Amino acid sequence: MEIHLNRVDYIQVGVTSQKTMRLLPALGKKATQKVAIGDHDGILTCFGMKKGEAVPVFKTLPGPKITRMDLGGPVGTPQEKIFVCSGSQVRGFTKKGKQFLTFDANLTETINAMHVSVSDLFLCASYIYNHYCDCKDQDYYLSGDKINDITCASSENLTRLVPVLACQDRVLRVLQGSELAYDIEVPGPPSVLELYNKDGGEEILFGTTDGKIGLVHIGEHSAVSKWEIDNDKKKGGILCIDSYDIIGDGVNDILVGRDDGTVEVYGFDSNSEPTLHFEHVLSESVTSIQGGCVGKESYDEVLTATYTGWVTGLTTESQKTEVGPGDEVKLSKETQSKVEALRAELEQLQMKVLQGREQYHQISQSSTAVSAVPVFSINDKFTLCQDDASYSLTLEVLTAIDNLLLQSDVPIDLLDVDKNSAVVSFSECDSEQPNGNFLLATYRCQANTTRLELKVRSIEGQYGTLQAYVTPRLQPKTCQVRQYQIKPLSLHQRTHSIDQDRPMNKLSLVGQFSFAEIHSWVVFCLPEVPEKTPAGESITFYFQNTFLGTQLEANYCKGEGHFRSDNISTISILSDVFSKEATKKKINLNISYDINDDSVSHTLKMIHPKLEYQLLLARKVQLIDALKELQVHEGNADFLIPEYRKILDESANLLEEYKKQPAHLERLYGMITDLFIDKFKFKGQNVKTKVSTLLEILDNYDLNSLLDFFNDA
């Protein structure tokens, strides 16, 4: 069943954080609801709609930025008390705007997640979870990785409130008091949690930073995963979720907001499987989403708040009037007054701009004038995409972006992104120089572009910094720099377990280093490792290479570290980096290796399908021009063999795929070459002179002859 929702923009506040907008409960069954929203200026705004106009109920004074919002209230009453977090402080307001609570949690870090349930307050800041009852300390828990969100399951079947933490290491941690009861593995780093039933219950919805959604049923001692929705269409990560019956079939639907501006409504089919019923794309990331009735009585809508503070409704009320031929369109008095008000507002704004320009011009002529740099906030994200082993860099600015300069001191490839309409130009780089650049690229953005998405692919073993210089369309011209670390094993991703039956190579370290020092080396080498030193005396992490599918196990403690991988090049990179880092700190390291020769042929067999596919694709692309010329010459392609006709039919797709994967073949050749050099490096042999022979074999590729060359060299 398709639903039709129409967009209505209500008001704009300042820049907003994730989950900082809520709908207050309705007073009647079909009555409109008030909207509460907090922004980075520290202002809490509450407004309602009257005759199509946003009417403020209350507005607080500016202060520290609001990072989270939740609603609460006594048992059995409407949950209409508004709680907001700023820094380490929680404030409570009534629906009329009277402040009744100021609670300082005395945390050293900013609160980034909160849940309110009657007199219980649950707060999280980075790695720390705190539970307060009537503002008194109850429970405390230190998480192994960053906490992104929190909610609590509660029902008649559960004897207590069950706090659930969404942690960056792809795990939901379920707590009992100050202890971990159990954890649930999820398919990606969870960014948001929401109860499927707002009145409580044991079913919790989660969304991940890589765009997946799921539902888990929480018990006191274990959990059951009900369903998961994959992100096949490569949409953005999930920032907010809500449940509300917008379709009107008596079953709560799932409302989803993503960081690429996509708003989705999922309903349930007869088999209780979630299916997409509606999709709308806004121009910026959706930070909050709620289902309710705001604009007009009896008309349900999906209310969203975006990063730049726009509160937008997608309403079931029709915004169009249909007329027949020859009919006259008459504007209602309400619409006429709206148009007049907008015109008046526009004139006022134009006057303000003119006055501002004149004022600026006069001041700039003055000899005593001091130029101030305009401040603007950037919402940026640099994440590894598992599907195509590339990094996605997303930049979002409050005003339009004029241009973006990318600079890298390590070799990286820029990949094509469909959503990106900016014009890119490359500058020549001298990478031979010390501190030279490998990449200098400028993106010139089209008018009103506030969000830019780029994709880059790095080479494992080459590490350094990628810098983005963002220049918005502001006067005077100003620029902000953002830095992103490209790590030595940048294409590795955390995983829950590995296949122990594969042939593994082992690297062992022994030396006078502390647990914190070896952990800092692992953080330097690998992505998705928490910067904070883990609690306990030792730790084990598992990783998978997103490009090849090879794996790595890292187990270390004070004075000792063991690293196992089925890819000999991974062991070689780790060995080089650890040696360098230990030398910097003047730590004497005893490094030993246990090399398994079978692992080399195993890795080559893993590369084989990728290499074969890319060689075939390259050959097909080479043939396209010649086949097109033959087709033009002969008038049709009927005389060609079916294989060639198929290449002609698919030429557009083949060229697009080839264009999207620049240097893919060179990457695979490079990996095989590194594997060859690393295999003999551990035997104390230098085989760089034989690399030219290896490249000849790769040009006439056959797996068996490649395996023979590796064994006989």
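**Exercise 1. Strand order in an open sheet**

What is the order of the 4 strands in the open sheet, and is the pairing parallel or antiparallel? The structure is a predicted model.

*Solution.*
1. The strands of this open sheet follow the order 22-23-24-25, and their pairing is antiparallel.
2. Strand 22 (238-244) and strand 25 (274-281) are the edge strands, since each pairs on one side only.
3. On average, neighbouring strands of this sheet are turned by 20° against each other, direction ignored.
4. Strand 24 (residues 262-268) and strand 25 run antiparallel and are joined by 7 bridges.
5. Within that pairing, phenylalanine 278 in strand 25 is the bridge partner of valine 265.

As background, strands of a sheet pair through backbone hydrogen bonds, either parallel or antiparallel.

**Exercise 2. Classification of two aromatic pairs**

Classify the ring pair of phenylalanine 58 and phenylalanine 93, then that of phenylalanine 676 and phenylalanine 710.

*Solution.*
1. A pair of aromatic rings is described by the distance of the centres and the angle of the planes.
2. The structure holds 20 aromatic pairs.
3. For phenylalanine 58 and phenylalanine 93, the centres are 6.5 Å apart and the angle between the planes is 20°. Planes under 30 degrees apart count as stacked, and this pair is accordingly stacked.
4. Phenylalanine 58 belongs to strand 5 (residues 53-59) and phenylalanine 93 to strand 8 (residues 89-93); the pair therefore ties together parts that are 35 residues apart in sequence. Both of these residues, phenylalanine 58 and phenylalanine 93, are buried.
5. For phenylalanine 676 and phenylalanine 710, the ring centres are 5.3 Å apart and the planes stand at 75°, so the pair is edge-to-face.
6. Phenylalanine 676 lies in helix 7 (residues 664-681) and phenylalanine 710 in helix 9 (residues 703-712); the pair links distant parts of the chain, 34 residues apart. Both phenylalanine 676 and phenylalanine 710 are buried.

**Exercise 3. A cluster of rings**

Which residues do ring pairs link into a cluster?

*Solution.*
The cluster consists of Phe513, Phe515, Trp521, Phe541, Phe543, Tyr556, Phe563 and Phe578.

**Exercise 4. A nonpolar surface patch**

Is tyrosine 644 buried or partly exposed, and which residues form a nonpolar patch with Tyr644 on the surface?

*Solution.*
1. Tyrosine 644 is located in helix 5 (residues 642-649).
2. The relative accessible area of tyrosine 644 is 30%. Buried requires under 20% and exposed over 50%, so tyrosine 644 is partly exposed.
3. Leu623 and Ile641 form the nonpolar surface patch with Tyr644, and together the three residues have about 230 Å² of accessible area.

Technical notes
Residues are numbered from 1 along each chain as its sequence is written. This is a predicted model: local features need pLDDT of at least 70, side-chain atom pairs count only at pLDDT 80 or more; totals for chains, interfaces and linings use all residues. Side-chain values use heavy atoms; hydrogens and water are left out. Patches are made of residues with over 30% relative accessible area and no salt bridge: like charges are joined within 9 Å, nonpolar side chains (Val, Leu, Ile, Met, Phe, Trp, Tyr) within 5 Å. Accessible areas come from the Shrake-Rupley method with a 1.4 Å probe; for residues, only the protein chains shown count as cover. A salt bridge is a side-chain nitrogen of Lys or Arg within 4 Å of a carboxyl oxygen of Asp or Glu. Helices (H or I, at least four residues) and strands (E, at least two) are DSSP runs, numbered from the N terminus. Buried means under 20% relative accessible area, exposed over 50%, partly exposed in between (1.4 Å probe, protein chains only). Two strands pair if DSSP finds at least two bridges between them. Axes are lines fitted to C-alpha atoms, for helices over the stretch in contact, and angles run from 0 to 180 degrees between N-to-C directions. Rings of Phe, Tyr and Trp (its six-membered ring) pair if their centres lie within 6.5 Å; planes under 30 degrees apart count as stacked, over 60 as edge-to-face and the rest as tilted.
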